[in-house]
Amino acid sequence: MTADDAGSGTAEERGVRDAAAPDGAVRDPGERERAAADAPDEDEPDPIALRLEQLILGAERRYTPFQAARSAGVSVELATRFWRAMGFADIGQAKALTEADVLALRRLSGLVEAGLLSEPMAIQVARSTGQTTARLADWQMDSFLEGLTDPQEIDPQEIGMTRTEIAYPLVELLLPELEEFLVYVYRRQLAAATGRVVQAADDAEMVDRRLAVGFADLVSFTRLTRRLEEEELGELVEAFETTAADLVAAHGGRLIKTLGDEVLYAADDAGIAAEIGLRLIETLTHDETMPELRVGIAFGTVTTRMGDVFGTTVNLASRLTSIAPKNAVLVDGAFAEELGRTGDAPVSEAEAAEQAAAAEKEGEEPPSYRFALQPMWQRPVRGLGVVEPWLLSRRA
């Protein structure tokens with residue numbers, strides 16, 4: 001329809017009958033256009049959200065994805081791949097990117113151009129960083145908001161501000177400190193990871209390594225989800241994850257991931273993995289608010305990638321957890337052999353008795369072992385054939 005066509009006809013034909021109007025009056029179409037112009041655009045960002053974004057990013061929105069890619073000197077396709085890898089949704093050609101986005105594109109593409117990273121590796125860097133920091137950011141915001149709604153903390157009504165309005169000064173105060181702390185922790189973790197690289201026998205060992213892998217699983221968690229209130233369930237999961245993370249770290253293991261009612265950890269040394277498994281059982285047993293726990297540990301070759309672990313050893317540890325008795329630790333044969341090799345557990349109780357008798361005869365101290373191993377019945381394990389699990393305990 002052209003402008004001239006729109007101008008023809010009677011006044012009533014040009015008008016629009018507003019069914020919502022109480023009198024059913026005929027209205028000027030210009031009135032409806034002006035009302036539509038005054039109405040908030042659903043595509044427009046919330047003003048407070050936009051202010052928060054500018055505060056956190058330190059820059060205003062200036063670029064469309066095409067403009068950002070051109071300014072960074074990369075193709076739109078590569079820029080899109082980086083953007084998606086970091087975990088962000090497509091934004092079409094909206095002007096939503098800042099100078100910081102351009103700088104990030106330049107840095108990643110510069111590493112590729114310099115030959116320090118291949119393009120697939122740069123995509124992996126973007127993905128791993130995005131996934132890790134997304135979870136961190138969500139966790140922190142959940143914690144801050146929970147603090148704001150805690151009646152013992154700030155009461156927004158008492159100070160005449162909504163929770164949304166409090167968010168800006170809160171972020172303004174916390175952002176510099178949290179950013180510095182994040183960099184500090186990252187450098188510490190990078191130093192620890194670099195140390196493991198240096199200690200590895202060869203490059204292949206860093207990809208396919210021999211590790212002890214343990215799963216710890218809360219018993220009857222599904223039943224608990226039906227019985228507990230959401231807040232109680234959340235507190236229980238948080239307490240379990242916090243306890244597990246602290247114990248794993250304190251005894252020299254690495255927490256790979258948490259899955260609500262289950263944690264996955266790894267250790268270079270079988271003795272460390274055994275100590276963590278038993279400590280978890282002992283700690284949670286003395287906590288009346290916690291359900292019972294099962295732990296399964298396996299030892300063998302493990303593929304590590306992007307901070308996660310994969311392979312038959314990991315699958316075996318998971319299967320051992322599912323068949324472990326309540327408040328007990330089950331390990332596989334390779335793990336039992338490794339404890340015997342390192343002297344953390346006797347190869348067999350008969351051999352331990354012989355060694356003790358020989359030492360007593362010679363007037364010497366008998367060998368000291370940290371752990372005891374009891375062979376269990378062989379049983380088929382789904383997808384892994386027949387295995388012979390061992391019950392791990394502390395040696396009296």
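This report walks through aromatic contacts and salt bridges in a predicted model.

## Aromatic rings

Let's start with the rings. The count of aromatic pairs comes to two. One of them joins Trp-83 and Phe-88, a tilted pair with 4.7 Å centre to centre and 40° between the planes. Trp-83 is buried, at 19% relative accessibility, while Phe-88 is partly exposed at 42%.

Phe-181 and Tyr-184 also make a tilted pair, with ring centres 5.9 Å apart and planes at 40°. Both residues sit in helix α9 (residues 163-199), and because they are three residues apart there, about one helical turn separates them. Tyr-184 is partly exposed, with 46% relative accessibility.

## A charge over a ring

Arg-51 points its charged end over the ring of Tyr-168, at 4.1 Å from the ring centre.

## Salt bridges

The whole structure has 15 salt bridges. In one of them, Arg-61 meets Glu-53 at 2.8 Å, N to O; Arg-61 is partly exposed, at 30%.

Arg-394 pairs up with Glu-282, with their closest N and O atoms 2.6 Å apart. This one links distant parts of the chain, since Arg-394 belongs to strand β12 (residues 390-394) and Glu-282 to helix α13 (residues 270-285), 112 residues apart. Arg-394 is partly exposed at 33%, and Glu-282 is partly exposed at 30%.

## A linked network

Arg-370 and Asp-344 form a salt bridge too, at 3.2 Å from N to O. Arg-370 lies in the loop between α16 and β9 and Asp-344 in the loop between α15 and α16, so the bridge ties together parts 26 residues apart in sequence. Arg-370 is partly exposed at 38%, whereas Asp-344 is buried at 10%.

These two belong to a network of salt bridges that links Glu-275, Arg-279, Glu-282, Asp-344, Arg-370 and Arg-394.

Conventions: Residues numbered from 1 in each chain as written. Predicted model: local features only at pLDDT ≥ 70, side-chain atom pairs only at ≥ 80, totals over all residues. Heavy atoms only, no water. Phe/Tyr/Trp six-rings, centres within 6.5 Å; stacked < 30°, edge-to-face > 60°. Buried < 20%, exposed > 50% of the residue type's maximum accessible area, 1.4 Å probe, protein only. Helix = DSSP H or I, 4+ residues; strand = E, 2+ residues; numbered from the N terminus. Lys NZ or Arg CZ within 6 Å of the ring centre and 35° of its normal. Salt bridge = Lys/Arg side-chain N within 4 Å of Asp/Glu carboxyl O.
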